[in-house]
Amino acid sequence: MSTLEQSRRLVTEIPGPASLELTKRRAAAVARGVRSTMPVYAVRAGGGIVEDVDGNRLIDLSSGIAVTTIGNSSPRVVDAVRAQVADFTHTCFMVTPYENYIAVAEQLNRLTPGSGEKRSVLFNSGAEAVENAIKIARVHTRKPAVVAFDHAYHGRTNLAMALTAQSMPYKSGFGPFAPEIYRAPLSYPYRDGLAGEQAAERAIRAIRRLVGADNLAALVIEPIQGEGGFIVPADGFLPTLLEWCRQNNVVFIADEVQTGFARTGALFACEHEGIEPDLICTAKGIAGGLPLSAVTGRAEIMDASHPGGLGGTFGGNPIACAAALAAITTIESDGLVERARQIGQLMTDRLSRLQADDDRIGDVRGRGAMIAAELVKSGSTDPDPELTGKLAAAAHAAGVIVLTAGTFGNVLRFLPPLTISDDLLSEALEVLAGLLGEL
């Protein structure tokens, strides 16, 4: 557990004078295309707290967008990284390989859904993992096309942007994008009211019409959407799509970049419906805050590429691999899958009580420590991005780090570290409830 005091404390307005001074330096040094949620600058973080340069302590409900799932500077990760830095920092696995890379691949093959023989390959970011999964699917199937879904987010590289649904801020002005990408309708229970199988049949009809199975290499989907608004598909949607893929030689790629590694109250979100994807992309929570990602999947698919076809200078960096092994040990040893379920229950209970008293909370959804509230205009289901933005800004000023999401900009999403205390989590939710009442 972090030595950082686990309490919210505001000693200045948010942002404080030291943060304001850094903002001036930032404007002169950093490209304006980089945007930050919080107007403060961090100096320490741990447990459920981030401390800024002015000494303010903020309750963290973001985990750096689902990265510090096991807590910031988690002790086993710190120890493993220190030891590895002292031994060597880089050789490039494609030049002089090392055991840590193999050990991470072995753990991923063991932990990810699916009982058959598996292989893994390591990269740096979620977008890299998604792009490489598609490369692997294309070389395996000898087909070009890829289907992604409404509200999807898969990253900021060119192919990943093509897969991503939302134009602003991720795609606008950055085209042209990679070809042979098609989009199918998602299951969005709050807005479409369809059962999972119905929604899947609607998607399959669209896929047949748009591209046809004979041309389709892969279907890529987030088991619970992240940036799209924490949309949990109706039960049966994912299994029906997977079955169709298996019947039609289409590779089913699960993008578990945001949902993986205990975040949803299972090690991977696919487990909630018992599905075994052909390929699974992981990143974010994999290495306790260090940059690492992976593609893991069925051996016959993963081995389709020619030697040298997969890789990257920094992919599976030894320091990140050491951190990943320590993060996996921490998840399993400290019971963090169960802790994610407890956090999910606490958040869902409090937000559902708030929803019962305020019809501007249209929907409360999610799994484990990945929970969202969709805000709408009173008396309707019309999205209310203005209220969402005001509530988030008020929370930031009150010392609570929250994120927004959703195609319509009207979703508050909660991704607390699994090391947060119940007291801190409850306090943050009470702050939000009070602010919503004031608005």
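Student: What is the relative accessible area of Lys284?

Tutor: The relative accessible area of Lys284 is 22%, which means that Lys284 is partly exposed. With a 1.4 Å probe and protein chains only, buried means under 20% relative accessible area, exposed means over 50%, and partly exposed lies in between. This is a predicted model, in which local features need pLDDT of at least 70 and side-chain atom pairs count only at pLDDT 80 or more, while totals for chains, interfaces and linings use all residues. Residues are numbered from 1 along each chain as its sequence is written, and side-chain values use heavy atoms, with hydrogens and water left out.

Student: Where is the place of Lys284?

Tutor: Lys284 sits in the loop between β9 and β10. Helices (H or I, at least four residues) and strands (E, at least two) are DSSP runs, numbered from the N terminus. The phi of Lys284 is near 40°, a positive value in a residue other than glycine.

Student: Changing topic, is Ser293 buried or exposed?

Tutor: Ser293 counts as buried, because its relative accessibility is 0%. Ser293 is part of strand β10 (residues 293-298).

Student: Which residues does Ser293 touch?

Tutor: Leaving aside residues up to four places away in sequence, Ser293 touches Val121, Leu122, Phe123, Asn124, Ser125, Gly126, Ala129, Thr282 and Ala283. Contact here means heavy atoms within 4.5 Å. A polar atom of the Ser293 side chain lies 2.7 Å from the backbone oxygen of Ser125.

Student: Now the whole chain. Into which domains is the chain divided?

Tutor: There are domain 1 (17-60 + 335-438) and domain 2 (77-334), with bounds that come from an automatic or database domain assignment. Their C-alpha centres lie 26 Å apart.

Student: How many residues of domain 1 are in contact with domain 2?

Tutor: In domain 1, 32 residues are in contact with 30 residues of domain 2. The two domains bury about 2,400 Å² between them, 56% of it on carbon and sulfur atoms. Buried area is the accessible area (1.4 Å probe) that two parts lose on being put together, summed over both. Within domain 1, Arg367, Met370 and Thr407 lose the most area to domain 2, together 30% of what that side buries.

Student: How many salt bridges are there across the interface of domain 1 and domain 2?

Tutor: The rule (a side-chain nitrogen of Lys or Arg within 4 Å of a carboxyl oxygen of Asp or Glu) finds 2 salt bridges across that interface.

Student: Which element gives the most to the side of domain 1 that touches domain 2?

Tutor: That element is β11, with 5 residues.

Definitions and conventions
Polar contact = N/O pair within 3.5 Å; in protein donor to acceptor, adjacent residues only side chain to side chain.
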